[in-house]
Amino acid sequence: MRFLISLGATALILSPAVVLAQDMAKPDAAPPAATAPPASTDVPPSASSAPPTTTVAEKVAADWSKYDTGAKGHLTKAELGRWLGDLRTANGEPAPDAKWVDSAFAQTDGDKNSKVSPEELTASLSSGR
């Protein structure tokens with residue numbers, strides 16, 4: 001019962017109990033050859049060639065409005081289940097069943113108010129709760 005969230009150079013493999021980050025950097029193509037700029041404007045290769053990374057918080061913020069119907073500022077169990085289901089099916093896995101969604105929601109709802117905030121979702125995905 002795991003699924004993968006792709007975050008640019010990082011991917012998260014999720015299950016109701018565990019969230020693991022693993023490096024998934026795979027450059028699409030070799031960077032084009034270029035002539036070196038004058039010495040006074042040289043940029044260290046590591047700074048210029050690093051792929052852009054997306055943090056968990058940025059990914060949650062970017063996708064939040066798609067799942068927070070009515071712009072309430074929180075997700076219901078059904079909304080979280082739809083989000084997780086979309087993530088799983090996008091990765092070729094079957095949609096989660098109700099028991100799996102119940103477990104994931106209980107683990108994500110840190111303050112146990114039956115609502116998942118963006119902060120709770122980000123914390124859960126980041127920490128492996």
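Biologist: In this predicted model, which two helices have axes that come within 10 Å and cross at roughly 110°?

Modeller: They are helix α3 (residues 77-90) and helix α4 (residues 98-108), where a helix is a DSSP run of H or I with at least four residues, numbered from the N terminus, and each axis is a line fitted to C-alpha atoms over the stretch in contact, with angles running from 0 to 180 degrees between N-to-C directions.

Biologist: Why are α3 and α4 called roughly perpendicular?

Modeller: Angles of 65 to 115 degrees count as roughly perpendicular, and α3 and α4 cross at roughly 110°, so the two helices are roughly perpendicular to each other.

Biologist: What makes residues of α3 and α4 meet?

Modeller: Contact means heavy atoms within 4.5 Å, and by that rule Lys-77, Leu-80, Gly-81, Leu-84 and Arg-88 in α3 meet residues of α4 including Trp-100, Val-101 and Phe-105. The residues of this contact divide into six nonpolar, two polar and three charged, with Leu, Trp, Val and Phe among the kinds counted as nonpolar, Lys and Arg among the charged, and Gly among the polar.

Biologist: How many residues does the chain have, and what share of them count as buried?

Modeller: The chain has 129 residues, of which 32% count as buried, that is, under 20% relative accessible area with a 1.4 Å probe and protein chains only.

Modeller: Residues are numbered from 1 along each chain as its sequence is written. Local features need pLDDT of at least 70, side-chain atom pairs count only at pLDDT 80 or more, totals for chains, interfaces and linings use all residues, and side-chain values use heavy atoms, leaving out hydrogens and water.

Key:
Buried means under 20% relative accessible area, exposed over 50%, partly exposed in between (1.4 Å probe, protein chains only). Angles under 35 degrees count as roughly parallel, over 145 as roughly antiparallel, 65 to 115 as roughly perpendicular and the rest as oblique.
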